Amino acid sequence: MMQDKQFDRDWLLLPALVLALGDTAILQVLLNISFMIRNALIPEYPLAVGVMHYFDLHAATLLVPAGYALAGLYPGYGLDPVMRLRLRVSVAVVALLAVILFDYLAQSGSWSRGTLLITLALSVVILPAWETLAINLLRRYGRWGQRIVLFGVEPARHGIKKRLLADPDIGWRVAEEADWPPTADAAQRGIRLAMLARPSDTVLPATLDTLPYRRILVVPDFGRMQNESVEVRSIGQGTLVLDMRRNVAGGLNAMLKRGSDLVLGLLALLVALPMIALAALAVKLLSPGPAFYAQQRHGRHGIHFRLWKLRTMVPDAEARLTDVLQHSAAARVEWERSKKLTSDPRIIPAIGNFLRRYSIDELPQLWNVVRGEMSLVGPRPLPDYHEATLAPDTRALRRLVRPGITGLWQVSGRSDLEQREMEEIDCIYIRNWSLWLDLHILLKTVVEVLLARGAR
């Protein structure tokens, strides 16, 4: 028992120390870099910070890791990547703005506000990236995770284990399993966290009272319902209420999403124009026909729009698809499962697969984003033949939002997912939409594209 308790303490302490010390060291480096950037930007007014003020400023940045500790980020087991990103960015912004405000009110601005603002801008990018790298390294060397006991019937336990294995950054590792209701020997070797998978016991409160765990997590069987922007409330006498904010319903959230799409989409389009031009030239040289391809797709409220892409298929693509589906049973099975083909005869040789693998063919859709027909992040706009196969409730939910260039589906497996999984993930995104989720998806999209994982 003592060895098990020491094991759990080590798995909590080491990751917390790695993350905290890493954040502290990186902040000191970023502050020094910010001094240099500030002097390079305004050389006619170089900073002349005294030694004491220099060390005071470095000490003040420790407010950021202190805030992370209070927010439960060290090590932060049980937090999903979107929540981690939100907490890290929010705490860094609040902490460093508090330092700037303190300097202005208490010290008449003796510290460089420009340096602190540059440090803030660098921190909200570098610190989340460092955390992701640190967690991956800790996982690789087997030092990440908190042991839990999982209770429930076997099918329910299997579903929970599959979900935890799919997102190991959450950090909950199933060390023991037991049926529900638990037996007298339910206490498992000093483990302090228990999870109940979809309990249906009518005497659940009394049963929970008998479990010797510091924390108990109850996973209800609500299906794929909204799980973000949900708060637990009480209406008295042990009655719990789930308060779900429907962010996708419109209002200010819709305005913020459209505003961010317009600004970021326009900037991205300007940056991508040279790449689009070069890719279009390559398509023209290697295949007869136009360089760009437009197709009618369903948009918000079911309204059709013309989606633009760089052409990556030969002119007789439909005839080739029909021929391969008629003569290959394996191809028919793959097409029915995902509406994709691993060996697609329609792709332009030499250039088509490259454009698709790195999603360069999608760049013209930035014009659709600027026009307000699409969003940077959202469910993928599907062709009519694919849209017709969707379940009616899925089709109705998708039409509440603009389709996106990228989305939760793409970064969860991109083209490797089956259609049923795609439908579920699109619904999860729409029900749980937030600007933080969009930011997480955009950052993950960059990684997926650079690694060319799953795109076809």
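Trainee: What makes the 4 strands here an open sheet, and what is their order?

Mentor: The strands line up as β2-β1-β3-β4, with parallel pairing. Strands here are DSSP runs of E at least two residues long, while helices are H or I runs of at least four, all numbered from the N terminus. β2 (172–178) and β4 (215–219) stand at the edges with a single partner strand each, so one side of each has no neighbour in the sheet. On average, neighbouring strands are turned by 30° against each other, direction ignored. Please keep in mind that this is a predicted model, in which local features need pLDDT of at least 70 and side-chain atom pairs count only at pLDDT 80 or more, whereas totals for chains, interfaces and linings use all residues. Residues are numbered from 1 along each chain as its sequence is written, and side-chain values use heavy atoms, leaving out hydrogens and water.

Trainee: How do you know that strand β3 pairs with β4?

Mentor: Pairing requires at least two DSSP bridges between two strands. β3 (residues 193–197) is joined to β4 by 5 bridges, and the two run parallel, so they count as paired. Ala 197 stands opposite Val 219 in β4.

Trainee: Which helix lies across β1, β2, β3 and β4?

Mentor: That is helix α6 (residues 154–166), which runs at about 165° to β2. Such angles go from 0 to 180 degrees between N-to-C directions, with axes fitted to C-alpha atoms (for helices, over the stretch in contact).

Trainee: Why is Asp 426 called buried?

Mentor: Buried means under 20% relative accessible area, exposed means over 50%, and partly exposed is in between (1.4 Å probe, protein chains only). Asp 426 has 1% relative accessibility, so it counts as buried. This residue lies in helix α16. Asp 426 is in contact (heavy atoms within 4.5 Å) with Pro 379, Arg 380, Arg 398 and Trp 409, leaving aside residues up to four places away in sequence.

Trainee: Which residues touch the most other members of the largest nonpolar core?

Mentor: Leu 366, Leu 408, Tyr 429 and Ile 441 do, in a core of 42 residues. A nonpolar core is a set of buried Ala, Val, Leu, Ile, Met, Phe, Trp, Tyr and Cys residues joined through side-chain atoms within 4.5 Å. Elements giving two or more residues to this core include α8 (252–286), α16 (419–431) and α17 (435–451). Apart from it lies another core, of 33 residues, with Leu 120 and Trp 130 among them.

Trainee: What makes Arg 233 and Asp 243 a salt bridge?

Mentor: A side-chain nitrogen of Lys or Arg must lie within 4 Å of a carboxyl oxygen of Asp or Glu. The closest N and O atoms of Arg 233 and Asp 243 are 2.6 Å apart, so the pair qualifies. Arg 233 lies in strand β5 (residues 230–234) and Asp 243 in strand β6 (residues 240–244), so the pair ties together parts 10 residues apart in sequence. At 42% relative accessibility, Arg 233 counts as partly exposed, and Asp 243, at 27%, is also partly exposed.

Trainee: Which residue meets Glu 362 in a salt bridge?

Mentor: Lys 309 does, with an N to O distance of 3.9 Å. Glu 362 lies in the loop between α11 and α12 and Lys 309 in strand β8, so this pair ties together parts 53 residues apart in sequence. Glu 362, at 16% relative accessibility, counts as buried, and Lys 309 is buried at 14%. Lys 309 also forms a salt bridge with Asp 361, at 3.6 Å between the closest N and O atoms.

Trainee: How many salt bridges does the structure hold?

Mentor: The structure holds 16.
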